[in-house]
Amino acid sequence: PHLRLAGGGAGIINFCANNYLGLSSHPEVIRAAVEALEKFGAGLSSVRFICGTQSIHKDLEEKIARFHQREDAILYASCFDANAGIFEALLTPEDAVLSDELNHASIIDGIRLCKANKYRYKHMDMQDLEAKLKEAQKHRLRLVATDGAFSMDGDIAPLREICQLAQKYDALVFIDECHATGFLGPNGRGTDELLGVMDKVTIINSTLGKALGGAAGGYTTGPKPLIDLLRQRSRPYLFSNSLPPAVVGCASKALDLLMESNAIAQSMAAKTQRFRSKMTAAGFTISGKDHPICPVMLGDARLASVMAEDMLNRGIYVIGFSYPVVPKGKARIRVQISAVHSDEDIDRCVDAFTEVGRKHGALP
């Protein structure tokens, strides 16, 4: 969490990384990467189905499936690739996909690649989703696609209600868990564990590049017949090089740490609550609920930019977000809490926000 920026001084605290559990700098995770590098080499120079599969790749896929309590898993170079590879392989022109309007760009791009009938429902609006599901009954197969936790707003999909509607209208449920895997739920298994619907969500896509070591890589986990299909038909899997052994090693160790103890995952809740409650008390509006993504809503793009610059001058590294990354009029500074932030780090961040907010008129 503590870093030095080029051209800047020391003592900068990083509040804009996806390193939710702090595992990218965990000594055991780093050691596992070094050991894999030395034993298995720098890379495979091949895709998986030619000569790009090592024992560690199969072991990691088995571990991912066990962590999520699913039948099987398949690795990709990134979760962007996993999202690009699943819809085209699974859905035909006879099928339908129903997507939340604020889904991640990679889900949107993946859906564009498939020939299924496309429906977009209002963000987390269950009445609109039900109306779209009724309309989609004429199609062979229906797939509801949603982020588990939405990266720009820090809000969590109403999976209980989504799964109830899916059951009512005979649909499958797909969730992208990039901003949930490792720290949401009692054991960090994600939003489906948090909301008690692990047995009702059919397909999970997620990343190794955020909470699970922070390096690279993504995956799909779900029913074995689906994973078998993806190994034969998913283009990003078939035509992308295998994950480098060092990446596989550090992700595998990250999963080991999470399955040995839920202490790291549990540590997030108190830190997130500390930041959210203190910022709200100071007068800021924080979007989302109980998620370490804490968007400080400012509205004006220029205000978000200059406040972020002033925060850096006070030793806090955050980034302003504005259109087209977020809708017009909803500019913000997205703060991300990590398990390796100390209470003192969090308090220093809140104090800097309060000082900068008053200077620029964001606070009275």
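Helix H1, covering residues 27-40, has 14 residues and reaches 20 Å from its first C-alpha to its last, which is close to the 20 Å expected at 1.5 Å a residue; helices here are DSSP runs of H or I with at least four residues, strands are runs of E with at least two, and both are numbered from the N terminus. The expected span is 1.5 Å times one less than the number of residues. This is a predicted model, in which local features need pLDDT of at least 70 and side-chain atom pairs count only at pLDDT 80 or more, while totals for chains, interfaces and linings use all residues. Residues are numbered from 1 along each chain as its sequence is written, and side-chain values use heavy atoms, with hydrogens and water left out.

Val29, Ala32, Ala33 and Ala36 are the buried residues named in H1, where buried means under 20% relative accessible area, exposed over 50% and partly exposed in between, with a 1.4 Å probe and protein chains only. Seen down the axis of H1, the buried residues fall within an arc of 100 degrees, so they line one face of the helix; the arc is that of the directions from the helix axis to the C-beta atoms. The face turned away from this buried side carries the exposed residues Pro27 and Glu38. Helix H10 (245-260) is included in what covers the buried residues of H1, and H1 is followed by Gly41, whose phi is positive, near 95 degrees.

## The enclosed cavity

A search of the whole structure finds one cavity of 30 Å³ or more, and the largest cavity has a volume of about 80 Å³. On a 1 Å grid over the protein atoms alone, a cavity is a set of points where a 1.4 Å probe fits but cannot get out, a pocket is an open set with protein on both sides within 12 Å along at least five of seven lines, and lining residues have an atom within 4 Å of a point.

The lining of the largest cavity includes Arg48, Tyr76, Tyr237 and Asn241, and strand S3 (72-76) and helix H9 (235-238) are the elements that give two or more residues to this lining.

## The largest pocket

The largest pocket has a volume of about 870 Å³ and is lined by 45 residues, of which Leu102, Asn103, His104, Ala105 and Ile108 lie nearest its centre. H4 gives the most to this lining, with six residues.

Note on methods: Contact means heavy atoms within 4.5 Å. Grid points are joined across faces, edges and corners, and a volume is the space filled by probe spheres set on the points.
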